[in-house]
Structures are given as C-alpha cells and as structure tokens.
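Let's take a walk through this model together.

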Protein chains: 2
Amino acid sequence: MNERIVVTYQVAAAPAEIAARAEALAIEQSVECPLAAVTEQRIRDEILGRVEAIEPIGEARFAVRISLASATAPAEPGQLINMLFGNSSILPDVTLADVELPPGYPAAFGGPKFGIGGIRARLGVPRRALTASALKPQGLPPEALASLAHRLALGGIDLIKDDHGIADQAFSPFAARVPAVAAALRQASDSRGATTLYAPHVSGSLDDMRRQLDIVRREELPAVMLMPMVVGLANFHLVAKEAAGLIVLAHPSLAGAQRIAPDLLLGKLFRLLGADATIFPHHGGRFAYAPGTCRALAEAARRDRHDLKPCLPVPAGGIAIDRIAALLAFYGSDVMLLIGGSLLAAGEHLTEQAARFTAEVASHGQ
Amino acid sequence: MNERIVVTYQVAAAPAEIAARAEALAIEQSVECPLAAVTEQRIRDEILGRVEAIEPIGEARFAVRISLASATAPAEPGQLINMLFGNSSILPDVTLADVELPPGYPAAFGGPKFGIGGIRARLGVPRRALTASALKPQGLPPEALASLAHRLALGGIDLIKDDHGIADQAFSPFAARVPAVAAALRQASDSRGATTLYAPHVSGSLDDMRRQLDIVRREELPAVMLMPMVVGLANFHLVAKEAAGLIVLAHPSLAGAQRIAPDLLLGKLFRLLGADATIFPHHGGRFAYAPGTCRALAEAARRDRHDLKPCLPVPAGGIAIDRIAALLAFYGSDVMLLIGGSLLAAGEHLTEQAARFTAEVASHGQ
C-alpha cells in the first residue's frame with residue numbers, strides 16, 4: 001500500500017515563520033534530510049511528507065496538516081508512532097493533535113476484540129453504566145488484596161483491576177496474587193449470583209507479559225490491564241492480539257507526559273491497537289484534563305470508525321460517589337466509572353461503600 | 001531489598017501550596033490512594049513515598065525530593081519508570097528531573113557492555129573524537145543504501161547507522177537491506193584498511209527485534225540501534241542484554257515528548273539499561289536543546305557512576321562540518337559526532353565530503 005496518512009500537528013510559531021516550520025516538519029517526519037540529499041524524483045513525489053494545510057487556531061498558533069506516505073509506516077505500531085511523532089516530539093513547540101489513517105491500518109491492527117458490547121455481554125449488563133475499582137495500596141500481600149477484592153465484589157462492582165503500581169513485586173508476586181484474587185472473586189461472584197471481572201496488571205518485557213498471561217489463562221480470568229506507553233505500543237498490540245478471549249484495558253501511565261493529544265493517544269490509537277477499555281483521569285479529580293479533553297477522548301474511543309468495535313471509556317483519578325450523577329450526565333451510560341481510593345478509604349465498611357457506588361449507578365437506569 | 005530511591009521532581013506551584021503538592025506527589029507515586037485507605041503501619045512506614053526536601057528554584061517553581069521504596073520498583077525497567085513518572089506524567093506542572101538509585105539497580109541492570117572504551121577498542125581509535133553518519137532518505141532500496149554506506153565509509157566514517165525512520169518497510173526490508181549494507185561496508189573496510197561499524201535499526205515488538213537480531217548476528221555485524229521509548233524500556237534492556245558482542249546505540253525518538261529531563265532519560269537511564277552510545281540533538285541544530293542540557297546529558301552519560309561503563313555521547317540533529325571545532329571544544333574528544341543530512345547533500349561528492357568530515361575531526365588530535 002502507498003496511501004497518505006494525514007497528520008495534524010499544532011505548532012506555536014510566528015505567522016511569518018509557519019510556512020517554513022510546516023515544510024521542516026514534513027521533512028523531519030519523512031525523509032529527515034536536506035532536499036538536496038533526495039535525488040530520486042520518486043522519493044520526492046511519493047515518500048516526502050507534504051504540507052496539506054496550515055490553519056491559524058490562535059495567537060501565533062497553527063494547525064498544520066501534513067500527509068505522510070503509508071509506505072514509510074507499515075502497520076507496525078512502533079514505526080507508526082515513530083513516523084508520527086518520533087523526532088518532532090523533541091521540538092518543544094509542536095504537539096501531535098490528530099491522525100487520519102487509510103483503511104488498511106484499522107484492518108491490519110484490528111482494534112478491540114470485545115469492545116463495549118463484548119464487555120456488557122460478559123457481564124450480562126446491557127444498558128446501565130458499569131462500575132470498576134482498583135486493588136491497592138502497594139505493599140499489601142496477596143491475601144490482603146484478595147480480601148479487598150472479595151469485599152468490593154460483594155458490593156456489586158463489575159470489574160476490579162490491580163492498581164497499575166502493583167506489578168510483580170516481592171510483597172505481592174504476580175504468581176501468588178493473581179490466583180488469590182481470582183479465587184476470592186469466584187467465591188464472591190458465586191455468593192452474589194453475578195459476575196465481577198478481574199483484570200490483573202500485566203507488565204514487564206514481552207517475555208514477562210507472556211509468562212503472566214499463562215497464569216491469567218490458567219486461572220480462566222476474563223481480562224488484563226496493560227500500560228501501552230510503558231510496554232511499547234508494538235508489544236501492547238501483540239499482547240492484545242495474543243490475549244484471545246481476554247478483555248484488554250489500557251492504562252495511561254507515562255502517556256500523560258507525551259505532547260500528544262489525549263483523545264488521539266488514549267482514545268483513537270489505544271483503541272486501534274486493541275484496547276477494549278481505556279482508563280483516563282476525569283476532569284476535576286487529581287489531574288488536570290479539561291472537560292473538553294475528556295469528552296473528545298470518550299468520543300474518540302466510542303464513535304463509529306471503520307469497522308472497529310467501540311472502546312469503553314473508563315474515567316478515573318479521584319472520582320467520588322457524589323459525582324456519579326454529573327459523570328453519567330457527561331458521558332452517558334456507555335461508560336465504566338472507576339472509583340478506587342475513595343472506596344478503599346471506607347476501611348471495614350468497604351462492601352457497604354461499594355454497594356452505595358453500584359446502587360447510585362444503578363439508580364440512573366438499568 | 002528495601003532501600004530508598006530518591007526522585008527529584010520540578011513542580012510549578014505557589015509557595016503556599018508546594019508542601020501539599022509534594023505530599024500529594026509522594027502518595028501518587030507510591031500507594032496512590034488516600035492515607036485513610038492505608039491501614040497497615042508497615043506500609044505507611046516503608047512503602048509510602050516520603051517528601052525529603054523542598055527547595056525553591058525559581059518564581060513559583062520548586063525542586064521536590066521524594067524517596068520511594070525500592071520494594072515497589074524491582075529492577076524491571078518498565079515498573080521503574082512507572083513508579084518514577086507513571087501517573088505524575090499526567091500532571092502538567094510536574095517534570096521528572098533526577099533519580100538516585102540504590103546500588104542494587106546498576107548491579108542488576110548492568111549498564112553498557114562496551115561503553116566508550118569498548119567502542120574505541122573495536123575501532124582501534126584510542127583517543128580522537130569518533131565520527132558517524134546515517135543512511136537516508138527513506139524510500140531508497142537496499143542497493144542504494146548500500147552504495148551510500150560504501151561511499152561514506154571510503155571517506156573514513158567510523159560508524160554508519162540506519163536512519164531511525166528506516167525500519168522494515170517494503171521499499172527496504174530489513175532482511176534485504178542489512179546484508180546489502182553489511183557487504184558494502186566489509187568491502188569498504190577492506191579497501192581502506194580500517195573498520196567502519198554498521199548499526200542497523202532494530203525495531204518492532206520484542207519478537208520482531210529478535211528476528212532482526214538473528215540477521216545481525218548472521219552478518220556478524222558489530223552494532224545495533226534501538227529507540228528505547230518506542231520499543232519500551234524493558235524490551236530495550238532485554239535486547240541490550242541479549243545482544244552479546246553488539247554495541248548498542250540508543251535513539252531519542254519519542255523521548256523528547258516526555259517531561260523528563262533529557263540528561264536523566266537519554267543520559268543516565270538509557271546508559272543504566274545498556275546503551276553503549278546515546279544519540280541526542282546538539283543545540284543550535286534543528287532542535288531546541290539548550291547548551292546546558294547537552295552538557296548535562298554528556299556528563300550523565302560519561303561520568304563515573306557505580307561500576308557502570310561510560311556511555312558515548314553522540315550529538316546530532318543538524319550538525320555541519322564547520323561546527324566541528326566548536327563541538328569538540330564543547331564535548332572534548334570522548335564523543336562521536338553524527339553528521340547525516342549535510343554529508344548526504346553532497347550527492348556525487350559524498351566520499352569527499354565524508355573525508356572532509358573525518359579529516360577535520362582528526363585534525364583536532366589522533
């Protein structure tokens with residue numbers, strides 16, 4: 001294939017300089033050398049990035065649309081991000097705002113295997129908003145995390161994930177923690193007659209992640225969580241592909257540091273590479289995402305696009321029960337609300353607090 | 001082991017708020033939940049992040065030193081960066097400035113296998129500054145890249161690497177390109193009686209990289225280049241470990257987007273994980289690193305630290321021959337100057353231009 005990938009950068013530059021800056025970006029993200037070194041006409045015609053449009057979007061700020069040859073970025077996630085924002089990430093006044101990919105990419109990458117519908121089917125919850133919580137703090141041994149999981153599940157939580165800080169530490173090795181939590185959740189699901197899904201955090205090198213996936217499969221668990229920007233996009237995509245039958249959650253660790261628009265990275269790209277659900281900080285919590293960022297991210301995760309299944313938005317990061325009505329008004333019901341810390345702070349009343357959370361969500365419609 | 005990792009963040013905050021912001025950071029990067037949810041005294045004592053110091057460094061700007069428990073971040077590179085800057089990367093007013101690791105980490109990670117001395121020994125060049133160039137533009141077929149490599153080598157270049165945009169594309173598949181360039185460089189080395197090292201760009205998932213490494217080994221090549229932030233730090237480290245006998249170059253693609261101090265990321269951390277040489281943009285070229293950033297980066301790569309071999313600084317990004325004297329004055333001779341585009345623009349005079357480059361470097365001392 002050799003079609004054009006259309007990339008939108010936002011560039012801070014004086015109006016008199018923007019045309020040259022845009023040309024320089026088109027070169028940087030394609031041939032990456034002076035045009036004098038590009039002697040073949042075919043490469044100038046087909047491989048060289050092209051400035052397609054420059055549009056002012058603010059005081060000394062421009063949206064620059066550049067088309068790149070798909071031949072330079074085959075459907076390999078690492079090379080794709082390398083061509084979109086490899087060297088230009090080093091330019092302090094450039095951010096990556098959006099990407100339109102030819103249809104071959106979604107077809108090759110595949111997107112979510114479950115998506116919103118598949119997660120709902122797995123839970124038997126067709127319409128209402130979904131609920132999630134996290135196991136923490138770090139430092140607890142497997143039995144203590146399993147006990148938290150059990151008590152959260154008895155409160156009716158749909159999905160429980162490891163905190164992303166819980167990996168394969170000596171105080172809670174993956175091989176001990178995951179079976180312990182899985183057993184606790186099987187017991188809780190049996191006693192309340194409804195499913196609570198468990199998503200262990202899978203991390204490390206690709207080899208590490210495959211060893212962990214073996215344990216996940218042995219325990220017949222339904223889901224996993226990964227940090228795509230930490231494990232590398234190519235390995236994220238490969239694990240998502242290999243994790244047949246498993247719901248894949250993406251965690252934004254390290255992704256916030258990128259000067260890449262969150263809706264593009266956590267919404268569109270993570271979905272493209274196989275995230276069934278994408279976790280991100282809702283505005284007004286501990287992080288500083290604007291409401292518009294959150295809306296654009298949820299929209300990028302869910303909207304009809306090629307034949308990709310929609311990806312479930314999972315707002316998190318300091319949500320409390322008293323904000324649920326506002327969150328559901330904001331996102332609608334195709335959402336999973338993730339409340340961690342403010343449930344866990346309930347101590348011995350954890351199950352009751354979890355039940356308040358799930359009842360409040362249910363009160364907005366089954 | 002449970003020692004303390006000491007992390008320095010730079011935080012933009014009002015003086016009245018910095019104490020609370022520092023405490024919040026210490027929580028975010030450790031237990032990540034309200035203290036009310038941390039009921040075990042042992043976890044409060046040992047696992048919870050501690051604010052060790054807060055120091056003003058400018059108008060409403062502070063250096064905050066936080067110590068984290070090494071037990072939360074075993075010597076696994078992904079988990080280490082996750083604990084250093086996972087969620088806090090999402091905070092727009094926080095940057096990761098520095099890290100002091102207990103000696104167990106350098107011992108476990110191992111650092112460069114060759115380092116500056118090993119690269120010099122491989123080349124038989126004990127003292128003078130080293131020279132490098134890159135194969136580009138993208139879109140050229142293997143024979144054309146091999147011809148460029150041959151002509152650059154005849155000009156006396158010490159090391160030739162693939163452009164980081166050259167991966168495994170249809171116009172130049174890895175399996176065809178690498179043997180072609182390797183053969184051209186063997187021939188050039190024979191005819192000039194001195195070695196030019198070739199570093200192919202190894203990319204993709206860990207599986208992809210291992211397949212590519214097989215080809216590198218089959219061709220008995222001396223070096224490889226990887227993009228640690230794209231492939232994931234854990235996979236970078238694993239490949240560096242597995243690449244026995246190969247010099248490992250790190251490329252800064254995507255790394256510039258991080259709000260992580262370049263000297264820490266490209267200097268200290270890439271070296272720690274096995275980079276024998278680290279490529280970065282020199283100031284005054286196409287990128288915007290300040291001179292102080294470049295100096296700190298080179299210093300972090302080279303200085304005596306634990307038992308790690310020094311890592312070779314490779315300034316690049318728009319260097320031309322007329323800047324060599326200034327660059328050598330700036331970095332000293334333990335450096336490899338990487339000039340790509342401005343050599344390639346010489347067209348049919350490529351070998352002569354490369355010879356001017358190497359002669360100019362040699363004129364500053366053998």
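This is a predicted model: local features need pLDDT of at least 70, side-chain atom pairs count only at pLDDT 80 or more; totals for chains, interfaces and linings use all residues.

Start with the big picture: two copies of a chain are related by a rotation about an axis and a shift along it.

Now for the place where the chains meet. On each side 71 residues take part, 71 of chain B in contact with 71 of chain A. Several helices of chain B give two or more residues to this side, including helix 2 (41–47), helix 8 (206–218) and helix 10 (233–242). The top contributor is helix 3 of chain B, with six residues. Sort the residues on chain B's side by kind and you get 35 nonpolar, 26 polar and 10 charged.

Next, zoom in on helix 7 of chain B, which runs over residues 174–192. How far apart should its ends be? At 1.5 Å a residue, its 19 residues should span 27 Å, and the end C-alpha atoms are 26 Å apart, which agrees. Which of its residues are buried? They are Phe174(B), Arg177(B), Val178(B), Val181(B), Ala182(B), Ala184(B), Leu185(B) and Ala188(B). The spacing has a simple background: an α-helix has 3.6 residues a turn, so residues three or four places apart point the same way. The buried residues of helix 7 pack against several partners in chain B, among them strand 5 (130–135), helix 6 (142–154) and helix 8. Just after helix 7, Gly193(B) takes a positive phi of about 70°.

Four strands of chain B form an open sheet in the order 7-6-5-12, with parallel pairing. Strand 7 and strand 12 (336–338) are the edges, each pairing on one side only. Neighbouring strands are turned by 25° against each other on average, direction ignored. Helix 6 of chain B packs on this sheet and touches strand 5, strand 6 and strand 7, and its direction makes about 160° with that of strand 5. Within the sheet, strand 5 and strand 6 of chain B pair over four parallel bridges, and Ala134(B) stands opposite Lys161(B) in strand 6.

Note on methods:
Residues are numbered from 1 along each chain as its sequence is written. Chains are lettered from A and ligands numbered from 1 in the order in which they are written. Two residues are in contact if their C-beta atoms, placed from the backbone, lie within 7 Å. Ala, Val, Leu, Ile, Met, Phe, Trp, Tyr, Cys and Pro count as nonpolar, Asp, Glu, Lys and Arg as charged, and the others, Gly among them, as polar. The expected span of a helix is 1.5 Å times one less than its number of residues. A residue is buried if 20 or more other C-beta atoms lie within 10 Å of its own, exposed if 12 or fewer, and partly exposed in between; C-beta atoms are placed from the backbone. Two strands pair if DSSP finds at least two bridges between them. Axes are lines fitted to C-alpha atoms, for helices over the stretch in contact, and angles run from 0 to 180 degrees between N-to-C directions.
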